[in-house]
Amino acid sequence: MIVTVKTTNKESKELLSILDKAKIKYFLPKNIKSKWVVIERKDEDKTYELIKDCSDIESISYHNPYPYELISRYFINNQILKFPAVDFSDKNFVLIAGPCSIENSQQCEKVASICENNHLHFFRGGAYKMRTSPYDFQGLGEEGLKILGNTCKKHHLYSVSEIVSTDDIDKFKDVDIIQIGARNMQNYDLLKKVAALHKVVLLKRGFGAKINEFLYSAEYLMLYGAEYVILCERGIRTFDDETRFTLDLGMVSYLKTVTYLPIIVDPSHASGRRDLVESMTMAAMAGGAHGAIIEVHPDPDKALSDGKQSLTLEGFEILKKKLDKLGKAIDDGKNVL
Ligand code: PEP
Ligand code: MN
């Protein structure tokens, strides 16, 4: 059960004292301006009767058929993430493009120019990398974040970068969207600490994670203070290994019935192959995804990570043109941002 209160959750003294007296368990989401109180579902009807006339309350959402609270479409029907100028809604298909790893400023400069020229709003780049082999490039660290920040400022783009450890929390204060990677989707300590920055978080689905595990991780982020969560399907491990992972597009359609959070796809990691990225992105767009995160590199064959799946600059521009065309053809039209 979620109660929306008139002030902030901490100030709703009357409601909280009723709950305390009746020994009913509740949670106060840590969002700065949170007006929500999550109340345990046990004896919901009784709790409803107990609190319904309380003067602190604006509305009560209960009898939710799904086990999620703060991320549930049952609770909020059509909230749209407005990231200053960018709507993650069904009207748009938002592209987040950039290299897998930040390697140097010239590399970022080349990709970011293409992003800006194509009217994108977001630029991605990993400064801290979680590599399978300890001998592989681990990222430039703080230096990488600096390059990312400067590049984004110059090209009027919002930055997206992955955090891999709670030790680095303070270094991510200037990153616009913090990415939590597939390997850390269930690192609950990291989720809580990142949420406490009160930023937008891009949460990738673990490649072995079930949908409910994915959604509960998003629920953690919302409970512990994230401003908003963007969900990302990036391919799961199945019995087949012809492609790097298997892009679970069915999940995108399913999630839209359960949650109001935007859902984007990552065709680069899902396929592991440059030649499949275009068709998978188009399929995701036609299937109702709110966007895609795509790896792009000026010279993919020399990339320090994930070159095989990275589009060239030309390849990305071709994809953008195709998406613009597809956007005009489907539904009432989608803008590619
Ligand atoms: C990435 O985006 O570069 C990345 C490592 O993604 P994932 O966590 O999905 O593997
Ligand atoms: Mn990568």
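Helices (H or I, at least four residues) and strands (E, at least two) are taken here as DSSP runs, numbered from the N terminus. The structure is a predicted model, in which local features need pLDDT of at least 70 and side-chain atom pairs count only at pLDDT 80 or more, whereas totals for chains, interfaces and linings use all residues. Residues are numbered from 1 along each chain as its sequence is written, and chains are lettered from A and ligands numbered from 1 in the order in which they are written.

The domain assignment, with bounds that come from an automatic or database source, gives domain 1 (2-61) and domain 2 (81-336). The C-alpha centres of domain 1 and domain 2 lie 35 Å apart. Contact between the two involves five residues of domain 1 and seven residues of domain 2, two residues being in contact if their C-beta atoms, placed from the backbone, lie within 7 Å. On the side of domain 1 that touches domain 2, three residues are nonpolar, one is polar and one is charged. In this division Ala, Val, Leu, Ile, Met, Phe, Trp, Tyr, Cys and Pro count as nonpolar, Asp, Glu, Lys and Arg as charged, and the others, Gly among them, as polar.

Four strands form an open sheet in the order β2-β3-β1-β4, with antiparallel pairing; strands pair if DSSP finds at least two bridges between them. Its edge strands, each pairing on one side only, are β2 (26-27) and β4 (57-61). Strand β2 is joined to β3 (residues 36-39) by two bridges, and the two run antiparallel. F27 has V38 of β3 as its bridge partner. Elsewhere, strand β8 (residues 122-124) runs parallel to β9 and is joined to it by three bridges, with S159 of β9 as the bridge partner of F123. Strand β9 (residues 158-163) is largely enclosed by the rest of the structure, because five of its six residues are buried. A residue is buried if 20 or more other C-beta atoms lie within 10 Å of its own, exposed if 12 or fewer, and partly exposed in between, with C-beta atoms placed from the backbone.

The largest nonpolar core has 92 residues, of which A97, V201, L203, A218, L221 and V229 touch the most other members. Helix α6 (residues 211-223) gives the most to this core, with seven residues, and the core draws at least three residues from each of domain 1 (2-61) and domain 2 (81-336). Such a core is a set of buried Ala, Val, Leu, Ile, Met, Phe, Trp, Tyr and Cys residues joined through C-beta atoms within 7 Å. Beyond four places in sequence, A97 touches residues including V111, C115, L120, F123 and R124.

L319 lies in helix α10 (residues 313-329) and counts as buried, with 24 C-beta neighbours inside 10 Å. Apart from neighbours within four places in sequence, L319 is in contact with E278, T281 and L311.

G181 is placed in the loop between β10 (177-180) and α5 (188-195) and is buried, with 22 other C-beta atoms within 10 Å. Not counting residues up to four places away in sequence, G181 touches M130, E162, V164 and K204.
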